[in-house]
Amino acid sequence: MNRTSVTAFTKSRAWMDRAGTVIPTGATSAARLGVRPTPLVMAESDGARMRDIDGNSYLDFALANGPLLLGHRPQPVIEAVTAQMQAGMLYGAQHRLEAKLAEALTDVIPSAQAVCLSTTGSEAVHAALRFARAATGRRLVLRFEGHYHGWLSDIAYSGPGSAPAAPEADRTLPPVALSAGLGAAPDLLVARWNDTAGLERVLADHGSQIAALIMEPVPLAGVLEPAPGYLEQVRDLTRRHGIVLIFDEVVTGFRLGLSGAQGRYGVFPDLTVLGKALGAGIPISAVAGDHDILAMATGPAPHMGTFNGHPVAAAAACAALECYREPGFDTRLDELAGRLAQGLTELGRQHGLPVVTHQAGALVQTLFVPRGTELSDYAALVSATDRDRAAAFAEELLRRGVYLPPRNTWMLSAAHTDDDITTALECADAALGQLEENLV
Ligand SMILES: Cc1ncc(COP(=O)(O)O)c(C=O)c1O
């Protein structure tokens, strides 16, 4: 990899200007605009690396926000996709790979008896909510503040980036819309993560009207693991109130181990949403879970979609799953992530900077937050963390050839090597040194 510093962004800037005349802001997802010093325009990628149109090379820890758990352009996926393209791109009818994929998913996801396939994570979340509403005959959905479940209107409230509710709010929290004009969300309730007593109060008030409780079992915003026993309590409470428990494992799926967060923590939802790494770079998503709830898809809550079970995407997912099932796949990623997390914590100490590191499987979060701060929920995360410094850290890393999202979530892939971790830590050392210098 090119370890010399990255300085020229002339072509990226010029291309963003050109694109901006026909694509508002020049980016096709608002999530890509936060990159500093400027959003980059990429030319090619391979393994753990990407190259931009100025010729700068980056060691990639953003992984396209999650899908690239096998790295860029993994050979087994390319071969499977190419073979399927030769056989047929789209049939608008059943084909064998979709059932094979569903069989493989019921093998590896402990709570999965059946599977419905969609294209994006947002769509699969939407499908899961529909099935839950049809199965229970109830309308309300309960979600947690600071978790993300896609951009569709039913659920696009109180996600990462929204203002947290006041600390004194102790029943449901006021939903904060992601998008102008969404309105007051009468069918949505918002609760605090990691707060069993708060959840009990919400369920005492509304339990019999709630169709589904949806959560990221480890919310990506902050990588805030569930407190010991919390998931068990949520499972127990939802069962008692007849509420469908949905784990949104769009990020944690395959990344916290082959069977995701549910396998790691031993708590099993009624429905699981999968996306991102499922297709290893090709768009495909799934709702997996209880057979009777998913049976709603064929009757009261019809599941439709022109691209559902797309043959090329199903081929990619089958090939990716074979890679994820290889012995030692997740242990190796855990070890790499552990080394990175430890190294970053140690570097923070050496530089006298308040770096706190969270790790869950192949996810590592660095936060600039005073050590010892209690960080169990979104409001605490927002009030304690220095997001400007996090963005500055990502920028310093980018200038040294390491690509990390501004919110500082490091994602590990099978393409990363031990040497890559060494390089990343060397660059982090220099980047933190620069931040330290900026303080004086
Ligand atoms: C946990 C979670 N759920 C759902 C989604 C939505 O997935 P998509 O962007 O594929 O619609 C995302 C995307 O970032 C996610 O992180």
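What follows is a working chat about the sheets, a surface patch and a few residues of a predicted model.

Trainee: What should I know before reading numbers off this?
Mentor: The model is predicted, so local features need pLDDT of at least 70, side-chain atom pairs count only at pLDDT 80 or more, and totals for chains, interfaces and linings use all residues. Residues are numbered from 1 along each chain as its sequence is written, and side-chain values use heavy atoms, with hydrogens and water left out.

Trainee: What is the strand order in the open sheet of seven strands?
Mentor: The order is β4-β10-β9-β8-β7-β5-β6, with mixed pairing. Strands are DSSP runs of E with at least two residues, helices are runs of H or I with at least four, and both are numbered from the N terminus. Two strands pair if DSSP finds at least two bridges between them.

Trainee: Which strands are at the edges?
Mentor: β4 (114-118) and β6 (188-191), each of which pairs on one side only. The twist averages 20° from one strand to the next. Angles run from 0 to 180 degrees between N-to-C directions, and axes are lines fitted to C-alpha atoms, for helices over the stretch in contact.

Trainee: How many bridges join β5 to β6?
Mentor: Four, between β5 (residues 140-144) and β6, and the two run parallel. Val141 stands opposite Leu188 in β6.

Trainee: Which way do the β6 side chains point, and are they buried or exposed?
Mentor: Leu188 and Val190 point one way, Leu189 and Ala191 the other, and all are buried. Buried means under 20% relative accessible area, exposed over 50%, and partly exposed in between (1.4 Å probe, protein chains only).

Trainee: And β8 with β9?
Mentor: β8 (residues 244-248) and β9 (residues 271-274) run parallel and are joined by three bridges. Phe247 stands opposite Thr272 in β9.

Trainee: Which helix lies across β4?
Mentor: Helix α3 (residues 96-108), which lies across β4, β9 and β10 (285-289) and runs at about 125° to β4.

Trainee: What about the sheet with three strands?
Mentor: It is open, in the order β11-β12-β14, and the pairing is antiparallel. β11 (355-360) and β14 (409-411) each have a single partner strand, so one side of each has no neighbour in the sheet. Here the twist averages 20° from one strand to the next.

Trainee: How many bridges join β11 to β12?
Mentor: Six join β11 to β12 (residues 363-368). His358 stands opposite Gln365 in β12. Helix α10 (residues 329-350) packs on this sheet, touching β11, β12 and β14, and its direction makes about 170° with that of β11. Contact means heavy atoms within 4.5 Å.

Trainee: New topic. Which residues form the nonpolar surface patch?
Mentor: Met85, Met89, Leu90 and Phe307, with about 390 Å² of accessible area together. Areas come from the Shrake-Rupley method with a 1.4 Å probe; for residues, only the protein chains shown count as cover. Patch residues have over 30% relative accessible area and no salt bridge; like charges are joined within 9 Å, nonpolar side chains (Val, Leu, Ile, Met, Phe, Trp, Tyr) within 5 Å. A salt bridge is a side-chain nitrogen of Lys or Arg within 4 Å of a carboxyl oxygen of Asp or Glu.

Trainee: Where are Met85 and Phe307?
Mentor: Met85 is in helix α2 (residues 75-87) and is partly exposed at 40% relative accessibility. Phe307 sits in the loop between α8 (291-294) and α9 (311-324), and is partly exposed at 45%.

Trainee: Is Thr252 buried or exposed?
Mentor: Buried, with a relative accessible area of 1%. Thr252 lies in the loop between β8 and α7 (260-265). Not counting residues up to four places away in sequence, Thr252 touches Pro217, Val218, Gly260 and Ala261.
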